[in-house]
Amino acid sequence: MKNVKRTPLFEFHKEHGRLGEYAGYEMPLWYKGALIEHINTRNNVGIFDVSHMGRLFIKGSQALELLNRLSTNNFSQTEILQAQHAFFCNSYGGIIDDILVFRLAQDEFLIVVNAMNREKDLEWINRNKGSLDVTLMDLTEKVPMIAVQGPKSSQTLQKIFGHKVNEIAHLRSSWLRFDGNSVLISRTGYTGEDGFEIYLFGDGEEKALDLWSTILDAGEEFNIEPCGLAARDTLRLEAGFCLYGNELDENTTPIEARLNFGVKFDKRNFIGKEALLRQASEGVSKIRIGLRMIGRGIPRKGMDIVKNGEKIGYVTSGTLSPILKVGIAMGYVPPAYASTGEKVDVSIRGRLAEAEIVDFPFYDKNRYGRKRRM
């Protein structure tokens, strides 16, 4: 592959995984297989290299002012080491990127962005910061990022970092140490399961493989498996999580995507506010929905959603659910057709297959996911 980037964990991926290109990086698609890795993350614990994600750092006396101007959420009341979801939107409310923001100190913020949008986000922040007292740094290549996900993720990491790991609440983080390096560990993830994301500071590039191997050793008794991008995608889809470029883009708003939790309508003036306020009060022309197949077939991105023989929408992501053993999908339809239980068809290779509109996540929350009871 020409002109592709590689993460500090590439040598492990090359030796053990099936490689492919994603967002300019040569990354593992799978190791033992996407199905094995998916099921194991739901039932035990999986480890993912997510160093291709963008990690941007802003600091300065006006960092908060800039962030509140550029993003849909309000970070004024965000506590130190707390994380919040938000969006960078254009003036029409379209999503430039969906972001996760950590407040590391009063005037210091770590912004995790999508791999494909990192350069666009950097340009957007620089274009809008003007003369504000803000320093922007791109830490993507310097701070490796590893995700450990699944119901046994905390037991795995406690063997390395001690009991403090389990004291970290959802959407919170803590500074710990690994081999003399500062490590930020957050209780966050992209699978729907309980889990953590680890940011290795200091000489992180040199220590990344050591940390990866240490986690694999610690998780051996819990049947840990390294996982590739294929399982990461099916896990997030089962959980009803959006992927930029599929469910989210600059022609889609957070209101249409049913991600209102990342938008705060307060006294701030943020870019896209007027358009989003208008949608919130007047309604939208399309809305994100979940589809569970009744008929045979696996829905895929780009397929038409049909009602009474007429196209009403389109699929943005689809797969065969490893947990449910049926086809599932996300897509957009007019609100009039978006009620739970509504029956529609998906056009699969010229054949109409019946589907039912369902709520997120697709799985039983009592059996799977971070709020499971079983």
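Which residues in α7 are buried? Here are my notes, starting with that helix.

1. Ground rules. This is a predicted model, where local features need pLDDT of at least 70, side-chain atom pairs count only at pLDDT 80 or more, and totals for chains, interfaces and linings use all residues. Residues are numbered from 1 along each chain as its sequence is written, and side-chain values use heavy atoms, with hydrogens and water left out.

2. Helix α7. The answer to the opening question is L229, A231, R232, T234, L235, R236, L237 and E238. Buried here means under 20% relative accessible area, exposed means over 50%, and partly exposed is in between, using a 1.4 Å probe and protein chains only. With eight of its ten residues buried, α7 is mostly covered. Helices (H or I, at least four residues) and strands (E, at least two) are DSSP runs, numbered from the N terminus. The buried residues of α7 pack against β1, β2, α2 (34–43), β3 (46–49), β16 (310–320) and β17 (327–333).

3. A230. This residue lies in α7, which spans residues 229–238. A230 is partly exposed, at a relative accessible area of 26%. Setting aside residues up to four places away in sequence, A230 touches L29, W30 and A34; contact means heavy atoms within 4.5 Å. A230 and G33 are 197 residues apart in sequence, yet their C-alpha atoms are 8.6 Å apart in space.

4. E247. Look in the loop between α7 and α8 (273–282) for this one. E247 counts as buried, at 0% relative accessibility. Its side chain makes a polar contact with the side chain of S317 at 2.6 Å. A polar contact is a pair of N or O atoms within 3.5 Å; within protein, one must be able to donate a hydrogen and the other to accept it, and residues adjacent in sequence count only if both atoms are side-chain atoms.

5. Helices α3 and α4. What is the angle between α3 (residues 63–70) and α4 (residues 118–129)? Their axes cross at roughly 115 degrees and come within 11 Å. Axes are lines fitted to C-alpha atoms, for helices over the stretch in contact, and angles run from 0 to 180 degrees between N-to-C directions. The pair is therefore roughly perpendicular. On the scale used, angles under 35 degrees are roughly parallel, over 145 roughly antiparallel, 65 to 115 roughly perpendicular and the rest oblique. α3 passes α4 in a right-handed crossing. The contact is made by L66, R69 and L70 of α3 with W124, I125, N128 and K129 of α4. As for handedness, a crossing is left-handed if the near helix is turned anticlockwise from the far one by less than a right angle, and right-handed if clockwise.

6. Helices α5 and α6. α5 packs with α6 (residues 204–218) at an angle of about 120 degrees, with the axes 9 Å apart. α5 and α6 are therefore oblique to each other, and their crossing is right-handed. The contact is made by T156, L157, K159, I160 and F161 of α5 and by L211, T214, I215 and A218 of α6.

7. Strand β18. Residues 343–348 split into a covered face, V344, V346 and I348, and an uncovered one, K343, D345 and S347. Two strands pair if DSSP finds at least two bridges between them. β18 pairs in the antiparallel sense with β15 (residues 304–307) over two bridges, and V346 is the bridge partner of I305. β18 also pairs with β19 (residues 351–358), again antiparallel, over six bridges. I348 stands opposite R351 in β19. The hairpin of β18 and β19 has two residues between the strands, and R349 takes a positive phi near 55 degrees there.

8. Most residues other than glycine have a negative phi, and most peptide bonds are trans. A23, in the loop between β1 (18–22) and β2 (25–30), has a positive phi near 50 degrees and is partly exposed at 30%. L171 has a positive phi of about 65 degrees; L171 sits in the loop between α5 (153–161) and β10 (173–178) and is partly exposed at 22%. A cis peptide bond joins F360 and P361, with omega about -10 degrees, and P361 is in the segment after β19.
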